[in-house]
Amino acid sequence: MYTALIIDDEPKLREVLKIKLNTFCSDLRILGQAGDAEEAYLMIKNMKPQLIFLDISMPVESGFDLIEKFDRIDFEIIFVTGYNEYALDALKVSAVDYLLKPVQTENLINAVNKAKS
């Protein structure tokens with residue numbers, strides 16, 4: 001079983017993503033959800049997920065700000081965002097994939113499979 005966290009400031013999007021993941025990626029266990037970078041940082045430290053679904057644009061701190069808090073990234077990152085202009089920055093932090101909202105189910109499944117391999 002592969003473990004993951006969903007990090008996004010939009011509760012509705014988090015729920016839709018969770019439903020899609022539970023439906024189409026049954027070997028992925030969602031450990032929890034965070035609505036901001038501060039909450040996410042604590043959850044990542046405590047829960048040690050193998051994968052995070054990360055929004056870029058969040059209040060106070062961005063997804064990139066969150067990533068910079070870690071000395072070592074020992075989890076996979078799939079960015080889920082409404083902005084296509086950050087794709088190169090995502091590559092710099094070795095993101096597995098970069099999904100644009102609204103997330104297409106096929107793209108989500110492919111991203112999860114990439115993260116697991």
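**Ser62 and Phe64**

I looked up the Ser62 side chain: one of its polar atoms sits 3.2 Å from the backbone nitrogen of Phe64. I count a polar contact as a pair of N or O atoms within 3.5 Å; within protein, one must be able to donate a hydrogen and the other to accept it, and residues adjacent in sequence count only if both atoms are side-chain atoms. Ser62 belongs to the loop between S3 and H3. I take helices (H or I, at least four residues) and strands (E, at least two) as DSSP runs, numbered from the N terminus. Ser62 has a relative accessible area of 18% and is buried. My classes are buried under 20% relative accessible area, exposed over 50%, and partly exposed in between, with a 1.4 Å probe and protein chains only. Neighbours within four places in sequence aside, Ser62 is in contact with Ala37 and Ile56. Contact means heavy atoms within 4.5 Å.

**Ground rules**

This is a predicted model, so I note that local features need pLDDT of at least 70 and side-chain atom pairs pLDDT 80 or more, while totals for chains, interfaces and linings use all residues. Residues are numbered from 1 along each chain as its sequence is written, and side-chain values use heavy atoms, with hydrogens and water left out.

**Sheet**

I traced the strand order next: five strands make an open sheet, S2-S1-S3-S4-S5, with parallel pairing. I call two strands paired if DSSP finds at least two bridges between them. S2 and S5 (97–100) are the edge strands, each with a single partner, so one side of each has no neighbour in the sheet. On average, neighbouring strands are turned by 20 degrees against each other, direction ignored. Axes here are lines fitted to C-alpha atoms, for helices over the stretch in contact; angles run from 0 to 180 degrees between N-to-C directions.

I checked the S1 and S2 pair: six bridges, parallel sense. Ala4 is opposite Ile30 in S2.

**Strand S1**

Which way do the side chains of S1 point? Tyr2, Ala4 and Ile6 go one way, Thr3, Leu5 and Ile7 the other, and all are buried. Six of the six residues of S1 are buried, so the strand is largely enclosed by the rest of the structure.

Leaving aside neighbours within four places in sequence, Thr3 is in contact with Leu28, Arg29, Leu31, Lys48, Pro49, Gln50 and Leu51.

**Helix H1**

I compared the span of H1 (residues 11–24) with expectation: its 14 residues reach 20 Å from first C-alpha to last, close to the 20 Å expected at 1.5 Å a residue. The expected span is 1.5 Å times one less than the number of residues.

I listed the buried residues of H1: Leu13, Arg14, Leu17, Lys20 and Leu21. Seen down the axis, they fall within an arc of 130 degrees, so they line one face of the helix. The arc is that of the directions from the helix axis to the C-beta atoms. An α-helix has 3.6 residues a turn, so residues three or four places apart point the same way. Pro11, Lys12 and Thr23 are exposed on the face turned away.

The buried residues of H1 pack against S1 (2–7), S2 (28–34), S3 (51–54), S4 (76–81) and helix H5 (105–116). The direction of H1 makes about 175 degrees with that of S2.

**Helix H2**

I repeated the check on H2 (residues 37–47): Ala37, Ala40, Met43 and Ile44 are buried. Their arc is only 120 degrees around the axis, which puts them on the same side of H2. Glu38 and Asn46 are exposed on the other side. The cover over the buried residues includes S1, S2, S3 and helix H3 (63–68). H2 lies across S1, S2 and S3, at about 145 degrees to S2.

I also looked at both ends. At the start of H2, a side-chain oxygen of Asp36 comes to within 3.2 Å of the backbone nitrogen of Glu38. After H2 comes Lys48, with a positive phi near 50 degrees.

**Glu106**

Last entry: Glu106 lies in helix H5. Glu106 is exposed, at 59% relative accessible area. Its C-alpha is 20 Å from that of Met1, 105 residues away along the chain.
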